[in-house]
Amino acid sequence: MQDQMKNFIEKYLSQYLCGYRKDYNPQYALTYLIETWKKCLDGIDGIIGAVMMDLSKAFDTINHELLIAKLEAYGFSHDALHIVLDYLSDRWQRTKVNITFSDWIELLRGVPQGSVLGPLLFNIYINDLFLFITSTHPCNFADDTTLSACDVNIENLIHNLEDDTLSAIIWFEANYMKLNQDKCHFLTQGSRECLWIRVGDEQIWESSSEKLLGITIDKNLTFDEYLTHVCKKASQKLSALARVSQILPFYKRRITMKAFVESQFSYCPLVWMFCSRKMNRKMNFIQERALRLVYDDYNSTFVDLLEKDRSLCFHHRNIHQVAIEMFKVKNDLVPPFMSKLFTYNKTNDKFIRPPIHTTHKGIKSLRNFGPIVWNMMIPNSIKSCQNVNVFKEHIKTWVPKNCSCKLCIDYVQGIGYGVFKGNIFYPRP
């Protein structure tokens, strides 16, 4: 039932619905959001504003009759509507406290959670929300919806955000959904003033940082706060492993390290990979400690430990992720909004680099770094792979070299960035 409905409805779903869909994930939603902000701030001396909205018990508030009406509007037959309504109807629940049970109550709203069909029905139900968002860029994953806008004028920015936020609130009320105004947040970038915005009946002041889809986004897009938290969690896991490492065999130590320490840095790397050198050194230090503990080797260098483990540092792993995403963009395997970030030239199999004006918002962006990785770093033998699975297998054997980003090149105090060749330092032009 879910397969048939998905095949039929997919062409009607908004590209900004990133939850519960094949080839969509939180990383795409966040990457598009962050890259859109960086593009605006790099191109013009503007201001970014974003309103993060959260629904209260979204899956439990879906009105069955309205859902059926929406399915009919999308073209489902009457027989199909009867099957869906029968699936949703005549469901009962009760509560158990110790050995006491409450009375049975019929469920008149909501979709069955834990089912494969429930998330699809939720996407269909919320899909037409994006028809009413006209002045801002939407970003949605399940019950989290973020509206962002860019403008050189603060008054215009606030007006556009408040206008679309009001449209969203009216839509929520008309569709029997409740906005949790206490959990709505306002984030700005590029403004030195302390701004506020009205969301419904609430006046919300801007925050210095907010958590969205598991990633803490700070006002300057450095992601230092998020990475500091991740490093702390990884360090705690590593300390726990150190306490039992002497009674574990090698292969169990290695599996534990991969599962509990290194995995901390695998969530949405495309979002935070352009971090500071300080945070990169901190991540490398944790990885080095982990490898020394697993291999019981306290004399080899970090590079030697990586070779012994047949693995890469976190930054090089992130470059692998960039390479995979560029292959997907080239072959139209990503959501449409991700393809808009890049310009691909089929004639010479290269991506065109966009014009760049700043370092933090321009050079340190995926829309700039992605074309560099594809055009200048990946070997042609790997780029010619026919499908994404083969590409992933081949990319694992590739060690990124000659990377020109500031995390890979050397830095000499008073001189700047460059490359050491032997004992001679060549500054970067």
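Axes are lines fitted to C-alpha atoms, for helices over the stretch in contact, and the angles between N-to-C directions run from 0 to 180 degrees. Helices (H or I, at least four residues) and strands (E, at least two) are DSSP runs, numbered from the N terminus. This is a predicted model, in which local features need pLDDT of at least 70 and side-chain atom pairs count only at pLDDT 80 or more, while totals for chains, interfaces and linings use all residues. Residues are numbered from 1 along each chain as its sequence is written, and side-chain values use heavy atoms, with hydrogens and water left out.

**Helix packing**

Two packed helices are described by the angle between their axes and the distance between the axes. Helix α3 (residues 64–74) packs against helix α4 (residues 78–88) at an angle of about 155°, and their axes lie 10 Å apart. Angles under 35 degrees count as roughly parallel, over 145 as roughly antiparallel, 65 to 115 as roughly perpendicular and the rest as oblique; α3 and α4 are therefore roughly antiparallel to each other.

Contact here means heavy atoms within 4.5 Å. From α3, the residues His 64, Leu 67, Ile 68, Leu 71 and Glu 72 meet His 78, Leu 81, Val 84, Leu 85 and Leu 88 of α4. The residues of this contact of α3 with α4 divide into 7 nonpolar, 2 polar and 1 charged, where Ala, Val, Leu, Ile, Met, Phe, Trp, Tyr, Cys and Pro count as nonpolar, Asp, Glu, Lys and Arg as charged, and the others, Gly among them, as polar.

A second pair consists of α1 and helix α5 (residues 117–126), which pack at an angle of about 25° with their axes 10 Å apart. That angle makes α1 roughly parallel to α5, and α1 passes α5 in a left-handed crossing. Gln 2, Met 5, Lys 6 and Ile 9 of α1 make the contact with Leu 117, Leu 120, Leu 121 and Ile 124 of α5.

**Salt bridges**

How many salt bridges does the structure hold? There are 13, a salt bridge being a side-chain nitrogen of Lys or Arg within 4 Å of a carboxyl oxygen of Asp or Glu. Some of these pairs are listed here.

| Pair | N to O distance |
|---|---|
| Glu 10 and Arg 21 | 2.5 Å |
| Arg 317 and Glu 262 | 3.0 Å |
| Glu 393 and Lys 396 | 3.6 Å |

Glu 10 and Arg 21 both lie in the loop between α1 (2–9) and α2 (26–43), so the pair ties together parts that are 11 residues apart in sequence. Buried means under 20% relative accessible area, exposed over 50%, and partly exposed in between (1.4 Å probe, protein chains only). By this scale Glu 10 is partly exposed at 32%, Arg 21 is buried at 9%, and Lys 396 is exposed at 58%.

Salt bridges that share partners join Arg 254, Lys 258, Glu 262, Asp 309 and Arg 317 into one network.

Conventions. Left-handed = near helix turned anticlockwise from the far one by under 90°.
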